[in-house]
Amino acid sequence: MGAHCVKVKKKLLRLWGAVQRAAERNFGWIAVLFALNYFTIFWTNYHVYQWEQVSVVLIDAVFLFVGVGAYVVALELIPVPRLGKALKVLSLLLSLLLAGVEIFSILTYQALFGAGMLTAILQTNPQEAIEFFSKYVGIKWVLSAMGVAAFLLLVRKRLLAVRFSFFCRHWQNRLLPILFVAGVGAGAILWQEYHPFILDDMLDIPAVQVGRAVFVSLKDIEAYENLERNMENTAEITENRSDIPHVVFILGESAYRGRMHLYGYDLENTPNLDELQKKGEIAVFQDTVSPKSATVAVLRELFTFHDVEDSEVWYHRNNFMDVLKAAGYRTYWISNQDSSGIWGNVGQFYANRCTRKMYTSRRESHEEHCKLDEELFPLIDEARQMAGEKNFYLI
């Protein structure tokens, strides 16, 4: 029994020695991968919480650093050296790519990459992509990216070859176990205090951010294909004193209130809306916040009784069209957007619940031909000719 314990002890000591040597040799790798995956946590705390959760940021740093270290050491100890090195390089390239996406998102939109942005990317046709590239990317971003890439190529060998040799061997032998215990402790604290966020993938590291965005986007696409089957229709009107004969709702995809005189912009570019406001014929909301950053995502909240704090899925809530129809309104969906397809399904779903749906053209999401919004006027005139006692026009 004693001899067996001695053998086990020797094996454990050899394993720990191998782990220690791997950690020392790959300190540069660990530091670079940690930095590429930690900066989003740091930015979120500074930008969103204004350093109100500094302790969480420090605990995150300890846990992530030790976790990255364990990951790199595990790759280093793979019996096939070439495989381990290939996986390390792949991890570095993936981290650089995702970090680049997050940096672009932060500098351009002051937000981390999310499902709303991915949805917008999936919606982009070649013409819009060129316009986006020229406005937001441009030559500056290209030159900056090339400069960063050149710098990384020049310093990669020195940077990645940095060894953990800041202390003498005596202290190194003690520091690594301390770091390991600290990482386990930090992980236990995070799990105890924030396990709902962990279970819901609500972590701010780039891999999780982008992965969650992809998952949510694919899940939404699947949901769009099953809307008609899953949507609840339980609208019951308990009291109906509506008597407005014509209600018009205009949804503008690319309008921005900061460039409208109606909302305080210097140029008098909304004279008709200004006049309607003077007459008291329109309601102007000055303190309204959009639930999402992309049009398709906004539609889900906009025309249902679902909100961002609701734990239920949006299509399990009553929708505006059913409520209006139950209140005795004829409803018209008059659109210059997609009539079908992966991005038009949400609009089409609402359109199918209206009394009449009218499109300027039958256009699937991937088809690039389109018409100017002025083509909507003949459809509006046609809808007015079919008007009933009470009418709701969604344009």
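Are F34 and Y38 buried or exposed? In this predicted model, F34 is buried, and Y38 is buried too.

**View 1. The stacked ring pair of F34 and Y38.** A search of the whole structure gives nine aromatic pairs. In one of them, F34 and Y38 are stacked, with 5.0 Å from centre to centre and 15 degrees between the planes. Both residues belong to helix α2 (residues 27-49), where a spacing of four residues separates them by about one helical turn.

**View 2. The edge-to-face ring pair of F320 and F392.** The ring centres of F320 and F392 are 5.7 Å apart and the planes stand at 85 degrees, so the pair counts as edge-to-face. Because F320 lies in helix α12 and F392 in strand β4 (residues 391-394), the pair ties together parts that are 72 residues apart in sequence. F320 is partly exposed, at 30% relative accessible area, whereas F392 is buried, at 3%.

**View 3. A cluster of aromatic rings.** Ring pairs link F249, F303, W333, F349 and Y350.

**View 4. The polar contact between D322 and R353.** D322 is located in helix α12 (residues 320-326). With a relative accessible area of 9%, D322 is buried. Its side chain makes a polar contact with the side chain of R353, at 3.0 Å.

View 5. L273 has 30% relative accessibility and counts as partly exposed. Leaving aside residues up to four places away in sequence, L273 touches M260, L262 and I282. From L273 to M260 the C-alpha to C-alpha distance is 9.7 Å, and the two are 13 residues apart in sequence.

Notes. Residues numbered from 1 in each chain as written. Predicted model: local features only at pLDDT ≥ 70, side-chain atom pairs only at ≥ 80, totals over all residues. Heavy atoms only, no water. Buried < 20%, exposed > 50% of the residue type's maximum accessible area, 1.4 Å probe, protein only. Contact = heavy atoms within 4.5 Å. Helix = DSSP H or I, 4+ residues; strand = E, 2+ residues; numbered from the N terminus. Polar contact = N/O pair within 3.5 Å; in protein donor to acceptor, adjacent residues only side chain to side chain. Phe/Tyr/Trp six-rings, centres within 6.5 Å; stacked < 30°, edge-to-face > 60°.
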